[in-house]
Amino acid sequence: MGTWDIGPFDNDTAADFSYRVDEAPAEKKAEVLRTAFREVIDTGDAYLDADLADEAIASAALLAAQCPGGDPVTTSYAPKEPLPTLPADLRPQAVAALDRILTEPSELLELWEESDGEEWKAGVRKLVAVLAAADGDRPVS
């Protein structure tokens with residue numbers, strides 16, 4: 001796992017994913033994020049690959065940045081091109097994907113639990129809280 005910190009873009013997979021977001025035409029950028037969420041959700045109870053999880057977390061961070069309480073994505077590993085306003089219907093998909101990432105069997109969860117992953121999990125939970133609150137589904141915790 002080429003990971004250097006706990007942030008959504010602090011790994012090789014998410015940094016590479018940024019290029020895919022940048023290369024998509026403006027009207028297709030939301031679909032790139034939607035696909036990342038769908039690939040995670042569609043695993044159901046099957047083993048979730050870390051790369052899929054990393055892309056969904058990066059996507060969720062981009063979406064949360066447009067929500068009240070969301071942190072701006074300022075890392076140099078994030079997409080360079082500005083994102084258009086993303087559709088609100090992505091929020092429940094992002095929450096479902098993040099919930100799935102934090103549920104076994106999840107390779108990324110396992111990798112973080114092998115080290116001190118509590119701070120990483122807190123960051124993912126913060127994304128869930130921001131996205132759910134913006135969607136009106138859950139209180140911000």
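Here are some questions and answers about a predicted model.

User: Which element gives the most residues to the lining of the largest pocket?
Analyst: Let's start with the pocket itself, which has a volume of about 430 Å³. Of the 29 residues that line the pocket, the closest to its centre are I6, G7, P8, A61 and L127. The elements that give two or more residues to the lining are α3 (50–64), α5 (107–114) and α6 (118–135). With 7 residues, the one that gives the most is α6.

User: What classes of residue make up the lining of that largest pocket, and how many are nonpolar?
Analyst: The lining has 6 charged and 7 polar residues. The nonpolar count is 16.

User: Where do the buried residues of α5 sit, seen down its axis?
Analyst: The buried residues in α5 are L108, L109 and W112. Down the helix axis, they fall within an arc of 100 degrees, so they line one face of the helix. What covers them includes α3, α4 (90–101) and α6. So the place asked for is one face of α5.

User: Is the ring pair of W4 and Y77 stacked or tilted?
Analyst: It's one of 2 aromatic pairs in the whole structure. W4 lies in the segment before α1 (12–23) and Y77 in the loop between α3 and α4, 73 residues apart. Their ring centres are 4.8 Å apart and the planes are at 50 degrees, so the pair is tilted.

User: And what about W112 and W120: stacked or tilted?
Analyst: Both W112 and W120 are buried. Their ring centres lie 5.6 Å apart, with the planes at 10 degrees, and planes under 30 degrees apart count as stacked. So this pair is stacked.

Terms used. Residues numbered from 1 in each chain as written. Predicted model: local features only at pLDDT ≥ 70, side-chain atom pairs only at ≥ 80, totals over all residues. Heavy atoms only, no water. 1 Å grid on protein atoms, 1.4 Å probe; cavity = no way out; pocket = protein on both sides within 12 Å on 5 of 7 lines; lining within 4 Å. Points joined across faces, edges and corners; volume = space filled by probe spheres on them. Helix = DSSP H or I, 4+ residues; strand = E, 2+ residues; numbered from the N terminus. Nonpolar A, V, L, I, M, F, W, Y, C, P; charged D, E, K, R; others polar. Buried < 20%, exposed > 50% of the residue type's maximum accessible area, 1.4 Å probe, protein only. Arc of directions from axis to C-beta. Contact = heavy atoms within 4.5 Å. Phe/Tyr/Trp six-rings, centres within 6.5 Å; stacked < 30°, edge-to-face > 60°.
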